[in-house]
Amino acid sequence: MYKKILLVGSTSFVNEIKQMLLGFLLEADAAYKYAEIESKLKSKKFDIAVINQDSYIDNISLFWKVLEIIKRSKIPSIIFSVKKNLKFVELSKKYGILDYCFKPCSRRELALRIYAIFNKKIRITCIGGGSGLFNLLLGIKTIPQSLITSVVSTTDDGGSSGRIRASFGVLPPGDIRRNLVALSNAPVIMNELMQYRFDKGGGLNGHSLGNLLLTALTNIKSSMPEAVSALSELLNLNGIVYPVADEEAVLYALIENGKIIKGESNIDSCRGRARNLRIKKIWHNPQVPCDANAYSAIINADFITIGPGDLFTSIITNLIIKDIRKAVVNTKAKKIYICNLMTKPGETSNYNSLNHIEEIIKYLGGDYLDYILLADNSKLPKKELVRYAQKDQYPVDIGNLKKISNITKAKVIVADLSSKIDLIQHDSMKIRDEINDIIERRV
């Protein structure tokens with residue numbers, strides 16, 4: 001059955017969107033002037049309105065009048081704009097706008113975002129990095145009637161990503177690559193190619209093919225977000241991936257002995273310090289603006305997940321970006337923090353679940369969590385715990401739940417979340433089931 005779509009904007013915008021939507025079951029109509037929009041809304045019932053803010057750049061007061069009439073009509077709506085003004089994202093929420101998309105936008109992404117509104121899908125935005133986010137995405141992408149958006153950390157400066165970052169001056173591609181693979185619907189061989197890592201070949205040694213592809217596409221498209229969008233098309237993504245920021249930043253950490261460590265890889269590897277010393281503070285230098293679409297994905301989500309992953313270098317590194325923190329605080333989405341299974345030497349030595357939660361609340365600037373998922377560590381395999389202990393890694397103790405309730409209003413859920421394989425990590429489907437239960441309860 002065809003869906004009726006009202007395109008609100010200039011002729012060039014209308015032609016652009018019509019071209020992008022060719023082949024979809026959509027019946028498009030167009031309007032630009034206020035009286036014309038009003039007439040169309042009275043004569044025909046539309047399933048969605050797609051509004052181009054740029055068409056009203058010289059008459060912004062008319063733009064807000066257009067939003068007012070759209071609001072009165074109660075049509076689900078999405079705004080497109082090339083001007084990356086984050087204030088407009090929040091202002092548009094007052095007019096009932098469900099999504100705010102910044103150009104350039106690929107045909108695949110446009111379709112995903114429009115059909116999410118058509119079909120009233122649950123929009124889940126996941127914030128993090130590393131293998132924790134990868135495992136989470138593998139599971140929750142199977143939640144029915146959902147649109148998954150991943151917001152990925154961009155401060156990795158080690159391994160292949162670090163070498164590429166130093167050589168080409170692009171955002172580190174490693175975590176982005178893993179997220180693309182996690183959400184991909186491409187044939188298995190394509191995902192294997194993305195993950196393939198060269199083990200010889202001089203300059204190629206240690207690089208993954210996916211990292212090199214993202215680097216090449218960044219040079220072709222002139223930005224990492226556009227490179228990600230292009231590769232998402234090739235991988236037929238069942239979701240959307242955004243880097244958390246569009247510009248390079250270096251992560252710094254102040255250790256409790258007063259020493260400052262520069263670089264995520266140095267922080268992660270405990271280079272130049274004792275492994276049991278705690279991190280007192282982390283920051284970026286220079287400070288970086290967030291990716292505009294990442295901001296919109298958080299503001300317009302129904303649910304936000306934070307973690308699992310290395311507490312400071314994969315999770316909090318995102319929250320110290322001013323506008324990302326602001327979006328998480330201001331969104332009406334329910335926020336779910338997924339605590340780690342194991343401690344990490346140099347980041348969370350001797351941390352229990354309360355310590356993890358305290359740090360999240362500290363960097364958010366207050367208690368904005370709605371749910372906390374804690375792992376029942378009695379389910380962890382004893383044999384593997386011995387092996388991990390040799391690396392100074394231990395299960396994150398749940399600790400005193402009453403103390404947790406004293407610092408957060410969040411509903412704490414303790415569940416078996418670990419996998420049964422040799423590596424101690426979250427089980428993708430167990431996390432998926434817990435998050436799906438939260439969604440279905442909506443309490």
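Visitor: Which residue of strand 7 does Cys126 stand opposite?

Guide: In this predicted model, Cys126 faces Ser150 in strand 7. From strand 6 the chain passes through helix 6 (residues 130–140) to reach strand 7, and this β-α-β crossover is right-handed.

Visitor: What makes strand 6 and strand 7 a pair?

Guide: Pairing takes at least two bridges between strands. Strand 6 and strand 7 (residues 146–152) have seven bridges, in the parallel sense, so they pass that cut-off. Strand 6 also runs parallel to strand 12 (residues 303–306), joined by four bridges, and there Ile124 stands opposite Phe303.

Visitor: Why is strand 6 called largely enclosed?

Guide: Seven of the seven residues in strand 6 (residues 122–128) are buried, so the rest of the structure largely encloses it. Ile122, Ile124, Cys126 and Gly128 point one way, while Arg123, Thr125 and Ile127 point the other, and all of them are buried.

Visitor: How do you know that Lys40 and Asp29 meet in a salt bridge?

Guide: The cut-off is a side-chain nitrogen within 4 Å of a carboxyl oxygen. For Lys40 and Asp29 the N to O distance is 3.0 Å, so the pair qualifies. Lys40 sits in helix 2 (residues 34–43) and Asp29 in strand 2 (residues 26–31), so the bridge ties together parts eleven residues apart in sequence.

Visitor: Why is Asp29 called buried, and what does Lys40 count as?

Guide: Buried means under 20% relative accessible area. Asp29 has 15% relative accessibility, so it counts as buried. Lys40 has 22%, so it counts as partly exposed.

Methods. Residues are numbered from 1 along each chain as its sequence is written. This is a predicted model: local features need pLDDT of at least 70, side-chain atom pairs count only at pLDDT 80 or more; totals for chains, interfaces and linings use all residues. Side-chain values use heavy atoms; hydrogens and water are left out. Buried means under 20% relative accessible area, exposed over 50%, partly exposed in between (1.4 Å probe, protein chains only). Helices (H or I, at least four residues) and strands (E, at least two) are DSSP runs, numbered from the N terminus. A crossover is right-handed if, with the strands pointing away from the viewer, the path from the first strand over the helix to the second runs clockwise.
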